[in-house]
Amino acid sequence: MEWEPGAAKELEKIPENVRKMAKMGIETSVERKGKNTVTIEDVKEAAERVGALMGKDEKTTKIAIVRCDIVSETCPGVACFKAFNKRKIRFSEYGPDAEIIGFFTCGGCPGRRVYRLVDSLLRHGVDVIHLSSCMLMESSYPKCPHLDGIRQMILKKGVRIVEGTHH
Ligand code: SF4
């Protein structure tokens with residue numbers, strides 16, 4: 001993804017602790033428009049939409065986590081919450097105002113529940129959805145055969161994805 005000089009300069013105004021996250025969100029938004037260059041207008045548009053990422057107001061970053069329904073039978077999700085509470089691993093980019101507003105399972109293969117629940121989360125202002133580490137592992141648990149479909153379901157709704165939680 002290319003950045004016009006003006007857009008890159010605008011990005012530098014964003015506090016360093018959330019800049020990487022903001023950059024990813026802007027690039028996802030630009031990709032959805034079918035473009036491969038970020039303009040200053042894209043940055044300003046994103047700033048209005050995700051004010052929290054720009055650090056210009058106190059809007060809370062709202063996070064949801066989707067996890068594997070099969071794994072949820074044996075895992076209460078403690079490691080995901082520990083990582084978030086301590087802002088570690090995949091949550092290290094968030095500031096103190098971030099909060100988890102949803103923690104849900106895919107509903108079982110092939111994960112169709114994700115589509116409906118993302119709609120619900122959008123009504124509550126979700127900014128980003130983390131794919132839990134259990135969905136991404138290939139050794140401890142069987143690899144999810146529907147991961148790409150689940151990713152697409154979320155991205156088509158316009159929500160940014162972060163890969164992983166506590167690994
Ligand atoms: S779709 Fe993937 S994440 Fe969901 S239950 Fe099946 S294997 Fe687990």
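Reply: Helices (H or I, at least four residues) and strands (E, at least two) are DSSP runs, numbered from the N terminus. Residues count from 1 along each chain as its sequence is written. This is a predicted model, where local features need pLDDT of at least 70, side-chain atom pairs count only at pLDDT 80 or more, and totals for chains, interfaces and linings use all residues.

Me: How far apart are the end C-alpha atoms of residues 62-166?

Reply: UniProt lists that span as "domain: CGGC" in an unreviewed entry; its positions use the numbering here, feature names are shortened, and annotations may be inferred rather than shown by experiment. The span is 31% helix and 20% strand. Its end C-alpha atoms are separated by 18 Å.

Me: Which residues of α6 are exposed on its other side?

Reply: Call a residue buried if 20 or more other C-beta atoms (placed from the backbone) lie within 10 Å of its own, exposed if 12 or fewer, and partly exposed in between. In α6 (residues 113-123), the buried ones are Val-114, Leu-117, Val-118 and Leu-121. They share one side of α6 because they cover an arc of only 110° around the axis, taken from the directions from the helix axis to the C-beta atoms. On the other side, the exposed ones are Arg-116, Asp-119, Ser-120 and Arg-123.

Me: What do the buried residues of α6 pack against?

Reply: Contact means C-beta atoms, placed from the backbone, within 7 Å. Ile-154, for one, touches Val-114 and Val-118, among others beyond four places in sequence. The packing partners of α6's buried residues are β3 (62-67), β4 (99-105) and α8 (147-156).

Definitions and conventions:
Contact = placed C-beta atoms within 7 Å.
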